[in-house]
Amino acid sequence: MENFAVLCPELAFKIEYYADAAAYQGSVGTECGQLCCCTGSREDGYVLAVNCEWLLEAWQHSALHGLLSSESFTDAFVVSELSVLRYEKTALFTGTEGYRHLERLKKDILYRCIYRSLFRTFCEYKLARELPEFGKLLTLLNMTTQDVELEQLVKYLPQRGQLEALQVFLKYGIIEPQGDSSFYDFMVPLALTAVRTELQNLIVVTDLLTEWLQGLRMTSEITPVWEQKAAAAGTAGSMSMLKVLSEEELCEIVRKEHIRELKAKMQNAASQTGKLAGVGRMVSRSGDTSQFFLDTVRKYRREIGELEYIFKQSFTSMKIIGAYDGDVNLKKQQEAYLASKTAEESRVYQYYLRRKVSVDIMIIRDVSGSTYRFEREYAEALIEILAAVNNFDGIRTLVIDFEGGAKVRKSFIDKAEQTSIVPLSGGGTNLLPALRLLQEQVLKGKRRLLFLLSDGEINDREQAERELNDYCRRNQIEMVKITFDEEDKYGYEHTTIINLHRFLARRIIEKGAAY
């Protein structure tokens, strides 16, 4: 991994790597952790000493052994420690609330355990948004390791069942059906708020969860030994002692129905580690692209059916044809003949003929590094749209992916089911190359729709969107900008993969069927 300095631009720090465990112990002493030791202060700077020999041994027994190199595993551990500096050491705990928080970390073991659990996921979530190339490493490490100190502290608490449930939910997003439903109802929304907002909210949620668990009538089993250890412990988020999980141990923690999805996430994140923004190409999650297409169609068959119905209602219409007797069938011809003999006026009928469908649908997908959290949803959204219009004659579809550059993923003449559409993310974020490819296309549809899928974090956003808006205006293209991020920004409208069909239906119906 290059340039760890970007993780903590406001702090001075250096990293010392020790290839020999004895040299590490001789340098930092016996009071520090087995794997690392962080010393120093905000004013004087920090020194992070890393025991590479023991980290290598940990990597050899880890579930990441076949996914990451030993160097990347060490980088992941360093990122974990630096994320503590980034989000905790830069926070100035001042005033009564700050003092109270620091005191409770030292004296209240339950409070400390909840805070450590939330803070680790908080760092992962924040880093994934701000520095995705580092965030993936931290995600992998969090999935396959346990904090030894936290595990030992939890073991001696009467609320250990709820704390273990909290950790499994935060690390793997799993809610055990046999768990305490009242705890989940209280914990889940608070935990999500804590890890996805600001550190101050995390402290508030830690206090709320602590008060709730302390209200349970349980016999305390805390021993004075662990009270002393908690009081003497250093940084609340640091993991000086680390337990790696093997694949067998992961299967014991994660239920059978979730382990396959977890391994897929691990493989996907591992395949993309080490790629800084704007550098290199991404690796797809799945090698079998046709299988991903079929799996997605099966998964969203109801939503695809509803979207197909909306497209049918919007893209097909009837036109009135004025016709005289005899224009349509033999019966009308006979009526016309009789009218000529009886000198009656020939009646005019109104006939309806279905208009020929003529629609071009263009989709531009952002596959840059910042979209890795939604890469699967973006790919599923493409397939959902393509599958919904696949059986329509007269509807052509085009898919363009962009990151640092751009690529036509599906041309107007390609069949949807034969297109290589899989979750992708990596590289920079430049929209102009995608616009250049779009301008090269020959548009034939009388109605033209453009769906732009992105988080809006685009390096050349102002110039690219200005030129894209001009292009759409000149070519009478209706553009819809969509994001799966948490909020609307830069003109992108928020939706989810589950509600995508309703969102598109509303937007298409607003435009009407006339073209």
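Are Tyr-18 and Tyr-24 buried or exposed? Both Tyr-18 and Tyr-24 are buried. Buried means under 20% relative accessible area, exposed means over 50%, and partly exposed lies in between (1.4 Å probe, protein chains only).

## The model

This is a predicted model, in which local features need pLDDT of at least 70, side-chain atom pairs count only at pLDDT 80 or more, and totals for chains, interfaces and linings use all residues. Residues are numbered from 1 along each chain as its sequence is written, and side-chain values use heavy atoms, with hydrogens and water left out.

The protein has 515 residues, and 50% of them count as buried. Its secondary structure comes to 20 helices and 13 strands. Helices (H or I, at least four residues) and strands (E, at least two) are DSSP runs, numbered from the N terminus. Take the contacts with a separation of 6 or more: residues 24 or more positions apart account for 77% of them. Contact means heavy atoms within 4.5 Å.

## Aromatic pairs

Rings of Phe, Tyr and Trp (its six-membered ring) pair if their centres lie within 6.5 Å. Planes under 30 degrees apart count as stacked, over 60 as edge-to-face, and the rest as tilted. By this rule there are 10 aromatic pairs. One of them joins Tyr-18 and Tyr-24: the ring centres are 6.0 Å apart and the planes stand at 70°, so this pair is edge-to-face.

Tyr-87 and Phe-122 form another edge-to-face pair, with 5.8 Å centre to centre and 80° between the planes. Tyr-87 lies in helix H3 (residues 70-89) and Phe-122 in helix H5, so the pair ties together parts that are 35 residues apart in sequence. Tyr-87 counts as buried at 10% relative accessibility. Phe-122 is buried too, at 3%. Tyr-87, Tyr-115, Phe-119 and Phe-122 form one aromatic cluster.

## Asn-51 in strand S3

Asn-51 is found in strand S3 (residues 45-51). Its relative accessible area is 0%, so Asn-51 is buried. Leaving out residues up to four places away in sequence, Asn-51 touches Tyr-18, Ala-21, Tyr-24, Gln-34 and Leu-35. Two of these neighbours, Tyr-18 and Tyr-24, belong to the edge-to-face pair above.

The side chain of Asn-51 also meets backbone atoms. It reaches the backbone nitrogen of Glu-53 at 3.3 Å. The backbone nitrogen of Trp-54 lies 3.3 Å from a polar atom of the Asn-51 side chain. A polar contact is a pair of N or O atoms within 3.5 Å; within protein, one must be able to donate a hydrogen and the other to accept it, and residues adjacent in sequence count only if both atoms are side-chain atoms.

## Helix H5 and its partners

The axes of helix H5 (residues 109-130) and helix H8 (residues 160-172) come within 10 Å and cross at roughly 10°. Axes are lines fitted to C-alpha atoms, for helices over the stretch in contact, and angles run from 0 to 180 degrees between N-to-C directions. H5 and H8 are therefore roughly parallel to each other. Angles under 35 degrees count as roughly parallel, over 145 as roughly antiparallel, 65 to 115 as roughly perpendicular, and the rest as oblique.

On the H5 side, Leu-110, Cys-113, Ile-114, Ser-117, Leu-118 and Thr-121 meet Leu-163, Leu-166, Gln-167 and Leu-170 in H8. These residues divide into 7 nonpolar, 3 polar and no charged. Ala, Val, Leu, Ile, Met, Phe, Trp, Tyr, Cys and Pro count as nonpolar, Asp, Glu, Lys and Arg as charged, and the others, Gly among them, as polar.

Glu-124 is also found in H5. It is buried, with a relative accessible area of 17%. The side chains of Glu-124 and Asn-142 make a polar contact (2.9 Å).
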